[in-house]
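Here is a short tour to read with the structure open beside you. We begin with a pocket, then turn to some aromatic side chains and finish with the chain as a whole.

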Amino acid sequence: MDARVITVVGIGADGWDGLAEESREALRTAEVLFGNRRQLDLVPGADRERVAWPSPLLPALPGLIERHEGRAIAVLASGDPMFHGIGSTLAGMLGADRLRVLPHPSSASLACARLGWPLDRVDVLSIVGRPAAALNAAVAPGQRLVVLGAGREAPIIVAAVLSGRGFGPSRMTALCDLGSAEETIRHGVAQEWTEPAASALTLTAVECVPGPDAAPLPRTPGLRDDAFEHDGQITKSEVRAVTLSRLAPLPGELLWDVGAAPAAWRSSGRGRTPPARPSRSRAAPAGPSGSAPTRPRWACRACRS
């Protein structure tokens, strides 16, 4: 095997027993294993170096790879490495030609298999290292969500977002340690959910059910004024809708309103998301005075970070 090629092996909570033979062989022949401590403990044998990920990981990652250059490296990832995983990070850093990716079923796939949900009709979201407000734009009557969360408190956080949006009657399921002998599944309702999950390895599945005070946010421009935090000085809803329609933002673009009420709005192709590094950006036209950007006076509740 070319030592320049890094093998990324997806592994589930079922550990070594759940791996395909190709993945096992890649781990047997590796000289160095990278992964978190839990993942490293799932691989038997002591005849190879094991390197636990430092924290924070991203700044240290290039140096770790360079330090072990020329050796057979295998990287452990939870489930599918290209689904919110280290595989995507390595592909962006090193290029796809430096990777050999051996995926395992993702946690979202396992969750949908347990619930009998078609994965292609589910919104899969993550609040790992992201604000819980990122869920706001996805909450809609009848919508099914699978939320990746870090830690046992994740279902409580999801329940709080749902209840705060008037979707307290929503049905929730906490799925922990999927695929392992310790797998647990617990059902409940958002407005009554107060208990942490049984394990930090948890997903929260949601069937959105609106309550009488629910106020769903549409995924089109022109949200009502109370969907924003503002000081009363806010462009009229009709003007916001027409402006965004004329700008026709594409996925990944970052638009800046430079004028009376500056704010950032990022297009994801699926709704509003928090501002992030864009592929290219365009500024909205300045106001009649051509004034420069000033401090933002309003921000969308659905997408603020």
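## The largest pocket

In this predicted model, the largest pocket has a volume of about 1200 Å³. Its lining is made up of 39 residues, and those nearest the pocket centre are Ser78, Phe83, His84, Gly85 and Val128.

## Aromatic side chains

How many aromatic pairs does the structure hold? There is one, formed by Phe34 and Trp53, whose rings are stacked with 5.3 Å centre to centre and 25° between the planes. Phe34 lies in strand S2 (residues 32-35), while Trp53 belongs to the loop between strand S3 (49-52) and helix H3 (61-67), so the pair ties together parts that are 19 residues apart in sequence. Both Phe34 and Trp53 are buried.

Another ring to look at is that of Trp193: the charged end of Arg186 sits over this ring, 4.3 Å from its centre.

## The chain as a whole

Of its 305 residues, 41% are buried. The accessible surface comes to about 15300 Å², with 53% of it belonging to carbon and sulfur atoms. Among contacts between residues at least 6 apart in sequence, 63% join residues at least 24 apart.

Key. Residues are numbered from 1 along each chain as its sequence is written. This is a predicted model: local features need pLDDT of at least 70, side-chain atom pairs count only at pLDDT 80 or more; totals for chains, interfaces and linings use all residues. Side-chain values use heavy atoms; hydrogens and water are left out. Buried means under 20% relative accessible area, exposed over 50%, partly exposed in between (1.4 Å probe, protein chains only). Contact means heavy atoms within 4.5 Å. Accessible areas come from the Shrake-Rupley method with a 1.4 Å probe; for residues, only the protein chains shown count as cover. Rings of Phe, Tyr and Trp (its six-membered ring) pair if their centres lie within 6.5 Å; planes under 30 degrees apart count as stacked, over 60 as edge-to-face and the rest as tilted. Helices (H or I, at least four residues) and strands (E, at least two) are DSSP runs, numbered from the N terminus. A charge sits over a ring if NZ of Lys or CZ of Arg is within 6 Å of the ring centre and within 35 degrees of the ring normal. On a 1 Å grid over the protein atoms alone, a cavity is a set of points where a 1.4 Å probe fits but cannot get out, and a pocket is an open set with protein on both sides within 12 Å along at least five of seven lines; lining residues have an atom within 4 Å of a point. Grid points are joined across faces, edges and corners, and a volume is the space filled by probe spheres set on the points.
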